[in-house]
Amino acid sequence: MKGTVIQRFRDKESNKAFEVGATYEHQNKERFAELSRNGFITVDENQDSDSNQDSLLNGNAQDVIAALTNDIDPEKLQAFLEEESKGKDRKTVKEHIEALLAKE
């Protein structure tokens, strides 16, 4: 499986550090899902798209805002904005995403 790092972390299995924007690959679906659920990676568009935005947007507004940075691709930010509007529809989260998109 392949995903994009959205929050810097050090992989506990390989001890390798992954920076925001890096590609993360792993064969173990459980490990991949764990990192996604915990907001460290997003699943690439063509894989497990149901869990892509969910893992990042499931946190409280403060955590979501902290995880959403201008290092995230504008297309993914737009997808997060649409998902947030359809889901929890939090004003502060949407304003933050819109501000990031305005910087592009």
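Begin by selecting Leu56, Leu68, Ile72, Leu77, Phe80 and Ile97: within the largest nonpolar core, of 13 residues, these have the most contacts. A nonpolar core is a set of buried Ala, Val, Leu, Ile, Met, Phe, Trp, Tyr and Cys residues joined through side-chain atoms within 4.5 Å; buried means under 20% relative accessible area, exposed over 50%, and partly exposed in between, with a 1.4 Å probe and protein chains only. At least two residues of this core come from each of helix H2 (52-57), helix H3 (61-67), helix H4 (74-86) and helix H5 (91-103). Helices (H or I, at least four residues) and strands (E, at least two) are DSSP runs, numbered from the N terminus.

The model is predicted: local features need pLDDT of at least 70, side-chain atom pairs count only at pLDDT 80 or more, and totals for chains, interfaces and linings use all residues. Residues are numbered from 1 along each chain as its sequence is written, and side-chain values use heavy atoms, with hydrogens and water left out.

Next, centre on Leu77. Residues up to four places away in sequence aside, Leu77 touches Leu68, Thr69, Ile72, Ile97, Leu100 and Leu101, where contact means heavy atoms within 4.5 Å.

Now select the aromatic rings. The whole structure holds 5 aromatic pairs. Rings of Phe, Tyr and Trp (its six-membered ring) pair if their centres lie within 6.5 Å; planes under 30 degrees apart count as stacked, over 60 as edge-to-face and the rest as tilted. Phe9 and Tyr24 have ring centres 5.6 Å apart and planes at 65°, so this pair is edge-to-face. Because Phe9 belongs to strand E2 (residues 9-10) and Tyr24 to strand E4 (residues 23-25), the pair ties together parts that are 15 residues apart in sequence. Phe9 is buried at 5% relative accessibility, and Tyr24 is buried at 1%. Ring pairs link Phe9, Phe18, Tyr24, Phe32 and Phe40 into a cluster.

Finally, display the strands. An open sheet of 3 strands runs in the order E4-E1-E5 with antiparallel pairing; two strands pair if DSSP finds at least two bridges between them. E4 and strand E5 (41-43) are the edge strands, each pairing on one side only. Strand E1 (residues 2-5) and E4 pair over 3 bridges, and Thr4 has Thr23 in E4 as its bridge partner.
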